[in-house]
Amino acid sequence: MKEQLQKDFDNTIENLSLSQKDIEIKKFYLDNFISRGFPNRREEDWKFSDLNQIIKKNIGTLSFYSDYMSTNKVDTSVFVDGLEHNKIVFINGRIEKIDFDYEKKDQIEIIDQSETINKFNNNNSLSDLNNAFTNKSFKILVKRGYQLAKPLIIYHTTNSKIWSKNINLRLNFELDKGSSLRLIDLFNETSEKNFLNIFYSFDLKENAVLKNYKIDKFENKNIKYSFNNIEQEKNSISETFILSSGSNFCKNEINCNLKGKYSSAFINGIFSLSKDRHHEIRTTINHLTENTKSYQLVKSVLDDSSKAVYQGKIFVNSEAQKTDGYQLSKAILLNEASEFNAKPELEIYADDVKCSHGSSSGSLNEDSIFYLMSRGLNYQQSRELLINGFLLDVIEKITDSEIKNLIKNMIGVKE
Amino acid sequence: MDTREKEIEKLKDYKYGFSTDIENTRAPKGLNEDVIKFISNIKKEPKWMLDFRLKAFERFKQLKEPDWQKPKYPKIDYQNLYYYSAPKSMDDKPKSLDELDPKLLETYKKLGIPLQEQARLNGIAVDAVFDSVSVATTFREELSKLGIIFCPISEAIQNHPELVKKYLGSVIPITDHFFATLNSAVFTDGSFAYIPEGVRCPMELSTYFRINASNTGQFERTLIVADKGSYVSYLEGCTAPMRDENQLHAANVELIALDDAEIKYSTVQNWYPGDKDGKGGIYNFVTKRGLCKGKNSKISWTQVETGSAITWKYPSCILKGDNSVGEFYSIAITNNHQKADTGTKMIHLGKNTKSKIISKGISAGFSDMTYRGLVDISSKASNSNNYTQCDSLLMGNKCGAHTVPYIKNKNSESNIAHEATTSKISEEQLHYCQQRGLSQEEAVGLIVNGFCKEVLQQLPMEFAVEAQKLVGISLEGSVG
């Protein structure tokens, strides 16, 4: 893999007009990645999902070079109907379109940051990989007090032009005081066997509100890793919703630093898996100061030989008195071969806190099915009704009604 | 204050902190084949036992000390330890308690474990282990009438080799982790109990461990086999003198329950925890594992962990037999600079297996406490159940409480439920108690005992009383 990386790196650098200093920095990260390789199960955070093996098994040899010179045609048919929205379109990892038509132009600034490399609160080797190979990264700044009128949908589209490729993306968001943003990450892929490595960072100033929805619904054979870092100042709120369903392998990682008083973070997730898919959500919530709050709810429905992993950690440092932290994960295993692994973790250094977690996994309740069947539903209907209700619980947590309806329609959950 | 008064003052905190001045026979310092041969030789062990040890030692040389645990400790120099230390008077084994060195008897009396006749009223058979040897085992005759074998493991190796050979290392193989393998190579003494088919052991069996010599590691090994349909309740207690250095205690405990058998294993661990500034104390790195080998068997662990500078252990159950049951009840209390990383593993292999974990952690002062547990339901363990509850109580903001459960479910017909909470003693509760005339300390003691009640209930009577007191003492001075 080393020669491949080196060669692809040289090719990538050639096409970018970078300063000598930036090349040095990128080289540094490349060397880091070469020496560490893809994360494997010997690393605690990857204990349940050995990415190295998964890539080997599903893709084989990856190539890291992408030709970003030629443009791709934007296929408008993938756009979401019935919801007015702003767009950012990635096709095969290349930004094709940034469009904030519905917003006041002077309130949003898009800064090309290709030449600065940001540090992430993530020490796994994938951040090195991302740093070494991203070509363009943008920072989207929402100015003070501005609340976006329409949600922003980021389309991640890939087509069959690429094969066995590694795609590295990066976006940075800054929400200034009192601003708000609704963001939907929508994956729509027709390609196969690629590895997407996506890094977002969010910087929430005082009173900022972020609603962050990640939807991986459509079936595809790609492997994904997504890392979101959320920094939160006083009174800010972040809400993250993850629908994890379509990809062959997908790991969503959310790292949230509650730095300001009264800031709060909500993370809700659904795993709806079948076949031999293997998905993971890993969250880390760092309560760093007083009076912060976090809430997490993850529900899974697992069929066939699918596997879901939830690793959630609540960290409370000794200054963070009056912390309120809650975490719950529930899983229904529908098939003998399915598997659910959880590691809900609490690390607490302050005494005046309220922290709890719960985790349960098991089969569908036969008594409930019996109840429904005795009222005239057949087995299949009863099962669907129960699963619907189980998942609806999470969807109801979405605070934005427009997007809630969109997601409900998308996964066909009826009320 | 003169030195004597100071000493008394010191002993108040840890009343078992005295040391017995007794002449010792020691193995040469360090860890090598010769030392292992020395131990084997002094125990007059047969060849197969020595081979077992040497094989373990070979393996040990390839292993690396684990470092994933939460409490970090300075590197232990394994060559700077004595691996065998025994009172000289034990060189020729005394035939009965009357021949036992009075100093030893005195020591156990001070510890509240009378070995002599009057103890009979107590109705508990005790095996007393002093440093590396077992000094006395009471009630052996009565037990042997029922066919129960209860003796030091060194004697069992000679008198019951067929049993020891069959079961030793069958639950904790010599290729296990670093400390378990070290124990397999150098273990010195410990208890052996065998309960024959269909026998319900009429009294509590108990082992009392005492580390006395300085600079010595204690490596005892306990093996309990409950044959078909039998029942045994086993208690373990431990103390050590106050010393400024850290001492290593790496024991292995293996339990085997055959069809319909039940083993109940209770521990009150009260090793010297180190002084207020975290100096000294025992490193308690123990491997405890039970195998529910037969159908309908049951193993239940109860532990009260109040001592040790660092506690690092996970009493586990392997539920291999169908319908077998594993239980784990734990109270861990850390104060001052103590650290604990403890919990359990429940490995479900058989059908209809059930396990229950109740863990209560209390941390005060500058201490740090971690519950780490694994529940693993394999794909063949249909219709299995696990329930886990771990609660932590924090006193002050200089201490930490952590929960790290690993939950793996590979069977769709099985259920796992896990709950954990972290909180502090509520002002309202304290106020209520104080209003009714309790001092703050008493009130805290009462509330904490209530918090621990679920686990304390599991202990045999005599132990429960002791444990309850221990809970109070361990937390003295941690409020206010």
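**Which strand does β15(A) pair with in the parallel sense over 10 bridges, at residues 324-333 of chain A?** The partner is β17(A). The model is predicted: local features need pLDDT of at least 70, side-chain atom pairs count only at pLDDT 80 or more, and totals for chains, interfaces and linings use all residues. Residues are numbered from 1 along each chain as its sequence is written, while chains are lettered from A and ligands numbered from 1 in the order in which they are written.

**Figure 1. Strand β15(A) and its partners.** Strands (E, at least two residues) and helices (H or I, at least four) are DSSP runs, numbered from the N terminus. Two strands pair if DSSP finds at least two bridges between them. β13(A) also pairs with β15(A), in the parallel sense over 10 bridges. Phe266(A) stands opposite Tyr295(A) of β15(A). Leu302(A) has Leu333(A), in β17(A), as its bridge partner. Seven of the 10 residues of β15(A) are buried, so the strand is largely enclosed by the rest of the structure. Buried means 20 or more other C-beta atoms within 10 Å of the residue's own; exposed means 12 or fewer, partly exposed in between, with C-beta atoms placed from the backbone.

**Figure 2. Helix α6(A), residues 379-395.** The helix has 17 residues and reaches 24 Å from its first C-alpha to its last. That is close to the 24 Å expected at 1.5 Å a residue, taken as 1.5 Å times one less than the number of residues. Ser382(A), Leu391(A), Val394(A) and Ile395(A) are buried. Their cover includes β13, β15, α5 (366-374) and α7 (401-411) of chain A.

**Figure 3. Ala226(B) in the largest nonpolar core.** Such a core is a set of buried Ala, Val, Leu, Ile, Met, Phe, Trp, Tyr and Cys residues joined through C-beta atoms within 7 Å. This one has 222 residues. Ala226(B) and Ile263(B) have the most contacts inside it. Contact means C-beta atoms, placed from the backbone, within 7 Å. Leaving aside neighbours within four places in sequence, Ala226(B) touches residues including Ile195(B), Val232(B), Leu258(B) and Ile263(B).

**Figure 4. Where chain A meets chain B.** 32 residues of chain A are in contact with 30 residues of chain B. On the chain A side, β18 (339-348) and β19 (354-362) are the elements that give two or more residues. The largest share, 10 residues, comes from β18(A). The predictor gives the complex an ipTM of 0.81 and a pTM of 0.85.

Definitions and conventions:
Contact = placed C-beta atoms within 7 Å.
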